[in-house]
Amino acid sequence: MESDNPTIFPRVLIVSRRTVRKNKFVDFVGEYHLDLIVNYGAVPVIVPRVSGVHTLLESFEPIHGVLLCEGEDIDPSLYDADLSSFSPDEIEEIRRLHSSDTAIDREKDSIELRLAKLCLERNIPFLGICRGSQVLNVACGGSLYQDVEKEISKKFPEGQRMVHMDYENYDGHRHIVKVVDNTPLHHWFKDSLEAEKMEIWVNSYHHQGVKRLAQRFVPMAFAPDGLIEGFYDPHVYNPEEGKFIMGLQFHPERMRQLNSDDFDYPGCASAYQEFAKAVRSYQRKLNGSAFVGKTLKLDEDMEKKRKVIVRSFSIARDMYSIRRGMLAGEESELQVGAKFLEANTALSLQQEKRLKQMGATVRNASACMERLKMNEEKEKLARKMMGKMSIEQLSDIVSFYHMMGQICTEVLERKLHNLNEIGG
């Protein structure tokens with residue numbers, strides 16, 4: 001295990017699941033999760049599924065990482081769920097077949113959605129396994145299939161239907177997923193992948209899954225029926241810098257050989273290893289900036305300037321997030337933020353964090369509105385065209401743009417580094 005201080009390891013919050021034992025409620029977390037977190041240099045902090053805990057999450061600070069794993073179905077009222085295609089008999093059948101999952105736990109939903117949104121706001125490392133990946137997608141505006149078998153599998157011929165839940169072979173059941181090229185999952189399992197197939201066998205314990213993937217995420221793997229089995233945010237993935245936002249529908253921690261602790265593939269532990277690396281890096285970054293800004297007081301003139309700049313960014317944020325037009329008198333206010341950005345090309349960590357929390361920045365108001373209008377038309381055309389593409393074609397496009405994004409990021413970082421050297 002690695003740590004700058006052997007007595008103070010980073011803290012990873014994990015929300016427990018509730019069950020009944022001897023007529024009493026018992027909260028638990030799977031042992032494999034806890035073992036791997038400890039083995040890779042962090043401390044698991046269990047957040048009990050107790051009424052009211054969702055209002056007490058600040059008491060669990062400092063939070064260096066969040067791992068969300070198994071649990072019941074997420075309350076469908078929390079996302080854009082479509083139940084109109086199900087008959088009452090079908091809904092009853094789903095509840096009977098998956099009784100342990102369909103008993104919705106609203107308190108757990110509240111706790112985990114608040115933690116997910118906290119991670120997204122602060123860029124705290126987040127790993128979602130199974131239900132945890134679904135929580136992450138819902139927190140970002142995505143939706144879920146209510147029952148994969150009835151909504152996806154029934155569209156395929158009898159002999160080609162995927163089985164995503166096999167109660168008779170619970171831990172032994174596996175199905176193929178196709179890994180998307182040049183994603184973290186590809187890098188972790190590259191030694192086990194055949195170049196042409198790009199496939200691995202994964203376990204499966206779910207009857208729901210990602211239906212509409214939130215816009216910020218990129219798929220990492222697909223089941224043969226098209227279900228997304230893994231995704232991540234490429235803009236928030238760099239474990240060495242404490243960046244990690246990811247969801248996996250399968251359980252890599254439980255992909256082990258029969259009667260053995262040996263993993264099916266060497267890459268199975270990588271999700272936890274890289275997550276823990278990000279958690280340790282985030283702790284170091286947090287500790288390094290802990291003294292900045294807390295006691296800083298601005299004089300009256302600087303405070304006025306700060307408020308004007310914040311006002312400018314707030315207007316830009318509203319225009320971006322709800323795509324509203326510019327109101328009378330706002331152009332001059334927006335120019336303040338634009339000038340600030342032009343004078344501060346290389347942002348400090350504190351400035352970068354603040355800007356990300358605002359959601360977006362706009363350098364030029366009129367140009368931004370024109371781009372938004374053009375982007376809407378392009379998006380409509382792209383959706384129409386991509387709707388006709390195969391899964392393989394879409395996967396290739398995702399891989400290409402991910403690669404281009406990485407190249408752009410590297411070039412941008414070099415240019416900013418050069419600017420810092422010139423300024424120094």
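In which handedness of crossing does H4 pass H5?

A: The model is predicted, so to speak of its local features pLDDT of at least 70 is needed, side-chain atom pairs count only at pLDDT 80 or more, and totals for chains, interfaces and linings use all residues. Residues are numbered from 1 along each chain as its sequence is written, and side-chain values use heavy atoms, with hydrogens and water left out.

H4 passes H5 in a right-handed crossing (left-handed if the near helix is turned anticlockwise from the far one by less than a right angle, right-handed if clockwise). Helix H4 covers residues 106-122 and helix H5 residues 131-139; helices (H or I, at least four residues) and strands (E, at least two) are DSSP runs, numbered from the N terminus. The two axes come within 9 Å and cross at roughly 65°. Axes here are lines fitted to C-alpha atoms, for helices over the stretch in contact, with angles from 0 to 180 degrees between N-to-C directions.

On the H4 side, the contact (heavy atoms within 4.5 Å) is made by Lys108, Asp109, Glu112, Leu113, Ala116, Lys117 and Leu120. H5 contributes Arg131, Val135, Leu136, Val138 and Ala139. By type, these residues divide into 7 nonpolar, no polar and 5 charged (Ala, Val, Leu, Ile, Met, Phe, Trp, Tyr, Cys and Pro count as nonpolar, Asp, Glu, Lys and Arg as charged, and the others, Gly among them, as polar).

H5 is largely enclosed by the rest of the structure, because 9 of its 9 residues are buried (under 20% relative accessible area, with exposed over 50% and partly exposed in between, for a 1.4 Å probe and protein chains only). Among the buried residues are Arg131, Val135, Leu136, Val138 and Ala139, which also take part in the contact with H4. Gly132, Ser133, Gln134 and Asn137 of H5 are buried as well. Just after H5, Gly141 takes a positive phi of about 100°.

For the setting, the chain has 13 helices and 13 strands. Buried residues make up 42% of its 424 residues. Of the contacts in the chain with a separation of 6 or more, 72% are accounted for by residues 24 or more positions apart.
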